[in-house]
Amino acid sequence: MPRKFLLIADGTEESRSAAYFAARRARNTGGVVTVLAVVDTEGGFEHWLGVGETMRAEAREAAEAALESLSEDVEEVTETRPEVILRDGDLIEALRELLETDPAISILVLGASTGKDGPGPLVSALGRGKGLFEDRTIPVTVVPGNLSRADIKALT
C-alpha cells in the first residue's frame, strides 16, 4: 500500500504551495496524495431564518471548489487524480477521524501563511503543542507559503 500525503484544501494560496510540495514528494517516492476539505457546520447563524442554511451551502461550495482546485494542481504533477474527501464538522475532529480510519496516511502537509495574522490555525495549534492527534501521530511537513515552485522543486 503506497503511503499517503494528506493535504488540507482550505482555499488559501499557501495550500497551493503545500499541494505542489506533496505532489512532488508523492511522485518522487511512489506515494499518493489525499486532499481533505471540511465544511464548518457550526456557523452559528441558526437564529436568522434561512441564513444558516445559505451559509452552509456557500461553505460547501467553497470547500468543493478548493478540493477541485488542489486536485487539479496535484494531478498536473503526479498525472494521477488524488483521493478527495469532503467532510462536515470541525476540522480537527475530521482530521482525527481520518487518521484513525486510514492507516496509509503517513504525512500531513500543511501550508503556512506568511501574513500578519500568523501561519494559520492548524500550524499555530501545532506550534503551541496542542494535541491534534491523540491516538495516532504522524509527521507534519509545514511548507512556507512564500516558497516559489523552483524552491519547492529543489527541496523535493
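Mentor: Accessible areas here come from the Shrake-Rupley method with a 1.4 Å probe. In this predicted model, the protein chain exposes about 8,600 Å², and carbon and sulfur atoms supply 51% of that area.

Trainee: What makes up the protein chain, in helices and strands?

Mentor: There are five helices and five strands. Along the sequence they follow the pattern β-α-β-α-β-α-β-α-β-α.

Trainee: Why is Thr156 called buried?

Mentor: Buried means under 20% relative accessible area. Thr156 has a relative accessible area of 17%, so Thr156 is buried. Across the protein chain, 40% of the 156 residues count as buried.

Trainee: Where does Thr156 lie, and which residues is Thr156 in contact with, leaving aside its neighbours within four places in sequence?

Mentor: Thr156 lies in the segment after α5 (149-155). With those neighbours left aside, Thr156 is in contact with Phe21, Arg24, Arg25 and Asn28.

Trainee: Which residues of the largest nonpolar core touch the most other members?

Mentor: Among its 24 residues, these are Leu7, Ala9, Val33, Val35 and Val109. Two or more core residues come from each of β1 (4-8), α1 (13-29), β2 (32-39), α2 (51-78) and β4 (105-112). The largest share, seven residues, is from α1.

Trainee: What is Val109 in contact with, beyond four places in sequence?

Mentor: Its partners include Phe5, Leu6, Leu7, Ile8, Ala18 and Phe21. A second, separate core has 13 residues, among them Leu36, Ile105, Leu110 and Ile138.

Note on methods: Residues numbered from 1 in each chain as written. Predicted model: local features only at pLDDT ≥ 70, side-chain atom pairs only at ≥ 80, totals over all residues. Heavy atoms only, no water. Helix = DSSP H or I, 4+ residues; strand = E, 2+ residues; numbered from the N terminus. Buried < 20%, exposed > 50% of the residue type's maximum accessible area, 1.4 Å probe, protein only. Contact = heavy atoms within 4.5 Å. Core = buried A, V, L, I, M, F, W, Y, C linked by side-chain atoms within 4.5 Å.
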